[in-house]
Amino acid sequence: MTNPMLAQFIPEARDLLAAANEALLSLERTPGDPDLVNTVFRSLHTLKGSSGIFDVAPLTQTVHACEDLLGQVRAGETGFESAMADGVFACLDAASRWLDHLEAEEALPPEAAAEAAALVEDLRGWLGTAAPDEAGGAAEVPALDDFSWLARLPEAERIEAVRAALQDGAPLTALVYDPAPDCFFNGDDPVQNLRQLPGLCCLAFEPRADWPGLDEFDPFTCNLRFFVLCAAPVATVGERMGYVADQCRAGLVGAADLICPAGEREGGEVFGDFSRRAEAMLAAGDWEALADAARGLEDLGAPDLYETSVLRWIALLAELRAEGVAVPDRWLSQLAAGVATGEVPVLADARPGPRPVARPAAPAPLPAAAAGVLAAQRELLSASRQQGEGSGCAARAALRVTRNALRACGRDDLLARLEEAVAGDDGGLGDRLDRWLETLLADVDPQQAAQPSAGPRTGRAATSAGDSGGGRRQGTVRVDQARLDSLMNLVAELVVAKNALPYLARRAQDTFGSRELAREIKDHHALVHRIVQDLQGMVMSVRMLPMGNVFQRFPRIVRDLSRKLGKQVELVMDGEETEADKNVVENLADPLVHLIRNSIDHGLEAPEERVAAGKPETGTIRLAARHENDSVVIEVSDDGRGIDPETVKAKAVEKGLIDSARAGTMSDDEARALIFAAGFSTVSDVSEVSGRGVGMDVVRDTVDSAGGRIDILSRKGEGTLLRLSLPLNLAVTRVMTVECGGGLYGIPMGLVVETVKVPRDRVHTVAGREAVVLRDNIVPLVRLARVLDRGGGDEPEEVAILVTRVRGALTGLVVDEFRGGMELIAKPMDGILGGVRGFSSVATLGDGRVLLILQVEELV
Amino acid sequence: MALTVRKGTVRLSGSCGPEEAEDLQAKLLKRPGAAVDMAGCEHMHAAVLQVLLAAGAPVHAPPEDDLLRRLTAGLPRHEAKGAPRE
């Protein structure tokens, strides 16, 4: 990803979505819990804010709509219901998908805009029922007191607004929107805010300060002030602007407020004439004639004359009156008189209360938002230092932002101090700026700095400001997974390099005859070994993730499924804190989804069936994780109908997976294991949820490839338990090494059941295959030398058999000799080796030899 | 890419986010008097709008979007010199 801000935003956004999801689920169970509503609201609010600085409008809109809805719930205007949660969940899901796309492509998918519109529309159903004001707990828009700017709105737009207002009786809201200079840094886009205004009919704007030259202009300080007229109630306008309420002034205006003619006055006999004729027409109530006369004279005059402007208004009002619209006679007569005198009095009735002109901008003592921006600059500086980039560019950018932030909050005094502090050459600019910011932020009122406010930036700023005061920094660092992976690989290389030392010691002794050097090398090896072990342990622990990372998605899946299938399900989770290597945890996610789906769809019975069987109506799915030796064990169990071995066998025969003779001799456990066979599905009709005959075999393959095992325990009518055990970390593989045909091979320790040596005469031939009877079990044998084509030597008196359990079945591998167990770093077989069958991976031994690790499943 | 330069005209297309503002500023500084073509622009962040206003950039083609059209109405119209070239 080329955009570092985006790279930071995406994981943050995912965390926020996860938090919102989780709180929303809990909220469904305890509707009305204000803390949960708050959690969802805050997460969404933060996400909306931080998304605003990227080009992800659909995401922002969608989250915004959810936030509005939750805001209503929070304000107690709308009750929380499950169907509403469905809508919000749909939005969160979409947002999550968009984030994936954003991460991969640095842009939202093209269909996101349409999707967002549909999602928002769905939510509007609930939003509409609420009171129009005070949405999202946002502050109410203060009352507008200066209406003089109305005259500056374009006359053509005012005419249309008056026409609409008089014809439909629609209320008109005047709005002055004065965005805060630093609003862009909060993710605000004033243009976007304007877009959301209902019934926007007139729009004017001005720069707050004159535009400077383009070269010294800072586009990120908002210098715009908007004057807007909307054909909508003040409350509705206020609702839409709720998040920038403090930057707005709104008030109701009447049509008369907009009738303010403007232009150069010409004067002249012709206007006096018109005035007199108009009086007569008014008295006669001949509105059409008045309109025609006004239009006729208007066409003659220059369009920018005052008189022409008055004539336009007369024509409009007379036309409306002719259509039967209620227009006060007084307006027309005063306008008509005004054509002659060049002066139209204010038509509107006096407004109650004083109208102070402008509110003074109160200079705040370094607001939290500014402190946030400044602290972010420090982070930027430190990041650019760490990455060893030429600090000049980042430092100059940070300096510019700092200047702007100070200017924006009116702290010219600080600005002067800043210039003093950073004066000098570009070389140490970054350091000087950083030091200056540190002192400045340390001075920030801690209470103020700790104030949570919109946007993660500010939140972080508060922490850094607090920390810098203490002089010590503690916290977490987000690290790209790829970096962790390469760190792991480097440690692996180091382990291999370290393992070469004993061989070197032996060579020193044997080849060069230096016993002393050999001992020194061994001593040194012991030291390096210890350090590498610690290093490896540390890297492993960094890569450890709690299983909760995967588990957290299940409450949602269970909820959706149980609603879809009409089953009542309770999910009990246990051992979320159990840690395992991140690859293991991530590899488990999909298999577990399959298992949970299967348990709900196939395992649990419908409520009536459960009641008939004397079980509680609500089924229970238990998801538990724990450590067991060097593996992590995950169990998915249900109290459903269990797996009936006879049904499974019948189905397998029907599908042609086994023949009926085999079915007859199968044990119940073997029969149950058939559900893992590819193309097996016991439910005859394929449901939307599961039962497409894929799934269980995928689960098994995933677990296999991670070097794990899956077992089924089931009792008919009582339930099913699926147990997955996986190695704690995938980086280090424990193998048993064997020698065969002069080569050394590794077999994953997880598959090894035992090693035995039996006299040659105990090997029997059963049904054309060699087998040996071990503790009443018939173990078929596979001669490794034959399978690997390494030629069979002389048959020894005793046969060495490595007994393995592959997919529930025992198989004996006949080898030449057993060698010890070994921990090594296995690498998958890539490239041209990828097609070689029979081997899963390779590892380098300390002496430089390559060890091939067998894929036993493919050999038996 | 929301900003492109063709034959001395800066073209804004799609949705122009705040990150485009500095780019636009640089492009306009490099080509004083360059006209802007906003026909394909669906949305522009206020920061981008500010750059156009500060530059007083002549409009080669106004935006289709009503709100943007209103916001950029104050910019001078670009007088095409000769036939438009592609």
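This is a predicted model: local features need pLDDT of at least 70, side-chain atom pairs count only at pLDDT 80 or more; totals for chains, interfaces and linings use all residues.
Chain A brings together 31 helices and 23 strands, and 39% of its 860 residues count as buried. Among contacts in chain A between residues at least 6 apart in sequence, 70% link residues at least 24 apart. Here is a short tour, topic by topic.

- Strand β15 (residues 764-766) of chain A pairs with strand β16 (residues 769-774) of chain A in the antiparallel sense, over 3 bridges.
- Within this pairing, Val766(A) has Arg769(A) of β16(A) as its bridge partner.
- The hairpin of β15(A) and β16(A) leaves 2 residues between the strands, and Ala767(A) adopts a positive phi near 50° there.
- β16(A) also runs antiparallel to strand β17 (residues 777-783) of chain A, to which 4 bridges join it.

**Helix α11 and its surroundings**

- Helix α11 (residues 287-300) of chain A has 14 residues and reaches 20 Å from its first C-alpha to its last, close to the 20 Å expected at 1.5 Å a residue.
- The buried residues in α11(A) are Trp287(A), Leu290(A), Ala291(A), Ala293(A), Ala294(A), Leu297(A) and Glu298(A).
- These residues cover an arc of only 165° around the axis, so they lie on the same side of α11(A).
- An α-helix has 3.6 residues a turn, so residues three or four places apart point the same way.
- Gly296(A), Asp299(A) and Leu300(A) are exposed on the other side of α11(A).
- The cover over the buried residues of α11(A) includes α10 (269-284) and α12 (306-322) of chain A.

**Nonpolar cores**

- The largest nonpolar core has 118 residues, and Val228(A) and Ile314(A) have the most contacts inside it.
- Leaving aside residues up to four places away in sequence, Val228(A) touches Leu175(A), Tyr177(A), Leu194(A), Leu197(A), Leu200(A), Cys202(A) and Leu203(A).
- A second, separate core has 42 residues, among them Ala23(A), Ile53(A), Leu59(A) and Ala95(A).

**A closer look at Ser382(A)**

- Ser382(A) belongs to helix α14 (residues 368-386) of chain A.
- Ser382(A) has 15 other C-beta atoms within 10 Å and is therefore partly exposed, since a residue needs 20 or more to be buried and 12 or fewer to be exposed.
- Although Ser382(A) and Asp434(A) are 52 residues apart along the chain, their C-alpha atoms are separated by 8.3 Å.

**Where chain A meets chain B**

- At the interface, 22 residues of chain A are in contact with 22 residues of chain B.
- On the side of chain A that touches chain B, α7 (190-195) and β2 (200-207) of chain A each supply at least two residues.
- α7(A) gives the most to that side of chain A, with 4 residues.
- By type, the residues on the side of chain A that touches chain B are 17 nonpolar, 1 polar and 4 charged.

Methods. Residues are numbered from 1 along each chain as its sequence is written. Chains are lettered from A and ligands numbered from 1 in the order in which they are written. Two strands pair if DSSP finds at least two bridges between them. The expected span of a helix is 1.5 Å times one less than its number of residues. The arc is that of the directions from the helix axis to the C-beta atoms. Two residues are in contact if their C-beta atoms, placed from the backbone, lie within 7 Å. A nonpolar core is a set of buried Ala, Val, Leu, Ile, Met, Phe, Trp, Tyr and Cys residues joined through C-beta atoms within 7 Å. Ala, Val, Leu, Ile, Met, Phe, Trp, Tyr, Cys and Pro count as nonpolar, Asp, Glu, Lys and Arg as charged, and the others, Gly among them, as polar.
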